[in-house]
Amino acid sequence: MATLNSPLPDLTASGSRPRLALPNIGFALLLALSGGAFLVWGAGYIGSGSLLIFVLATLFGLFMAFNIGGNDVANSFGTSVGAGTLTIGQALGVAAIFEVSGAVIAGGDVTDTIRSGIVDLGALAVSPLQFIRVMMAALVAAAFWLLFASRRGWPVSTTHSIIGGIVGASVVLGVSLGGTSSALALVQWDEIARIALSWVISPLLGGLVSYGLFRLIKHHVLFYNERAEARVRAIRAEQKALRRDHRSAFESLTELQQVNYNTMLVRDMDVLRSEDFHPEELETDYYRKWYAIERQRDEVETHHALQLWVPLVAALGAAVISAMLLFKGLKHMELGLATLTNYLIMAMVAAIAWATTFLFVRTLRQAPLERATFLLFSWMQVFTACGFAFSHGANDIANAVGPFAAILDVLRTGVITSSAAVPPMVMISFGIALVVGLWFIGKEVIATVGHGLTAMHPASGFCAELGAACVVMLASSLGIPVSSTHILIGAVLGIGIVNRQTNWGLMKPIALAWVVTLPAAGIIAAAAFLVSGYLF
């Protein structure tokens, strides 16, 4: 793991290019091989469908997944990398395992073909080819907007991007089929209003929860640690002064007095080593004072806050992440678990997390307090990052898979349906593209989330991730329209407010990008839809 103040590696620095050339080639080959294998598999899967459309749709779908990795996944791991909990290479490894696993294991066998019911294409007589053009235009638009935002380090919503793309392409299709009024009637404007509302609700809720969590940890753990370390430093200074004064006093004695005093010091050392030691048995002022100072050190209880509060926070984090997995990450698997069973699983996971963390704290009692704090929150942050990655792979990869699966289904069956099958091969290939995108273009977004908006420590990074997870679960259960990306950015801002070091200047273009995402993707998709009319 990286140290507390480890800087993010400059992946573009000329001095690092030779070192990174081999990984770059390796990831490029990985994407090319997985894409090629998918094309071979898909050609047989669609049967008599148009091979040209399938190849183009595959390229656009993989490109979309690539850019989700560079923006959304990078956004998820930004706090871990910025806090020094994970290096970029380690974050890549976690993403590779948990994102792909979430997509393959819990990504679902079917997905909605029209994201979030944002448009009603059923009101028009849309042909399968026109439907395919809408989905392809949406993929292209969302991918290029995400690429544009990622290169500038702006974390934006991939869901809003794909919705904007579908709306833009659908409106153009609606105009060509039924006129302007009919086209505008296709759009579910109440859903657009809910999305606009999420621009405010998501970061606000994320900021409030992370602010409260970090204030609690800062007051009961970090501030306590600072006071304890200050007291320990004062005790060390007192011991140093005692040794200095003792040396000066010893040197002023005669040679015979020094011999006698050394004998007394040796006896006191033996007394201190005995099991039935009593302070009154000490003969020298030096060891009496030394013993009194050591008693002060014992009374400090440097690891008290870690032992009391950190296991409780770990239990809360384990409960929230397990809830995210049970109710969100694994929802497509239809495990058939009753609500009570899910809550019992959450309770067991929380209890295990509490006990494990408590024992871990006890093993660190002899470690320096700052190091122990860093290690504890680092491991807790790794846990939350893994949970986020799995849930993200299981759910948000549908932003790329949904439209592509719709195209694949139409090419295979020749008809338009409200949902489409998602073969495991799709999840594997798109999951790989997700990880490759994180490697190639995720650095800027990681830098923004990791230290651009505010400085991160494992404790604050853990609070940001846990706060975001709490809001995602709460909003999902209440049906409140939120964006996980916006929530996490709000959570990071909440940390900055607590520390009074928020970079509001950087936040301004990010907030503007949030507002622009949907219309920008819509405009690009409209243009892409028009161009596609000349191609097929």
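At what angle do helix α2 (residues 51-82) and helix α4 (residues 128-151) pack? Before the answer, a word on what you're looking at: this is a predicted model, where local features need pLDDT of at least 70, side-chain atom pairs count only at pLDDT 80 or more, and totals for chains, interfaces and linings use all residues. Residues are numbered from 1 along each chain as its sequence is written, and side-chain values use heavy atoms, with hydrogens and water left out.

Now the answer: α2 and α4 pack at about 30 degrees, and their axes are 8 Å apart. Axes here are lines fitted to C-alpha atoms, for helices over the stretch in contact, with angles running from 0 to 180 degrees between N-to-C directions. The helices themselves are DSSP runs of H or I with at least four residues, strands are runs of E with at least two, and both are numbered from the N terminus. That angle is why α2 and α4 come out as roughly parallel to each other; the label covers angles under 35 degrees, while over 145 is roughly antiparallel, 65 to 115 roughly perpendicular and the rest oblique. Their crossing is left-handed, meaning that the near helix is turned anticlockwise from the far one by less than a right angle (clockwise would be right-handed).

Who does the touching? Contact means heavy atoms within 4.5 Å. On the α2 side, the residues include I53, L56, F60, F63 and M64, and α4 brings, among others, L129, I132, M136, L139 and F144. Sorted by class, this contact has 18 nonpolar, five polar and no charged residues. For that sorting, Ala, Val, Leu, Ile, Met, Phe, Trp, Tyr, Cys and Pro are nonpolar, Asp, Glu, Lys and Arg are charged, and the others, Gly among them, are polar.

Another helix pair is worth a look. Helix α7 (residues 189-251) and helix α8 (residues 255-273) cross at roughly 140 degrees, their axes coming within 10 Å. Here H246, F250 and E251 of α7 meet Q258, Y261, N262 and L265 of α8, a contact with three nonpolar, three polar and one charged residues.

Zoom out to the whole chain and you'll find 18 helices and two strands. The C-alpha trace spans about 110 × 55 × 40 Å along its principal axes. Among contacts with a separation of 6 or more, 84% come from residues 24 or more positions apart.

A couple of buried residues show such contacts up close. S34, in helix α1 (residues 17-46), is buried at 11% relative accessible area; leaving out residues up to four places away in sequence, S34 touches S429 and I432. T357 sits in helix α11 (residues 339-363) and is buried at 10%.

What about disulfides? Taking a disulfide as a pair of cysteine sulfur atoms within 2.5 Å, the count is zero. The sulfur of C386 has its closest cysteine sulfur in C470, 17 Å away and so too far for a bond. For C463 the closest is also in C470, at 10 Å, again too far. C386 is buried at 14%, and C463 is buried at 1%.

Finally, check R500, in the loop between α17 (484-499) and α18 (504-535). R500 isn't a glycine, yet has a positive phi of about 60 degrees, and R500 is exposed, with a relative accessible area of 81%.

Notes. Buried < 20%, exposed > 50% of the residue type's maximum accessible area, 1.4 Å probe, protein only.
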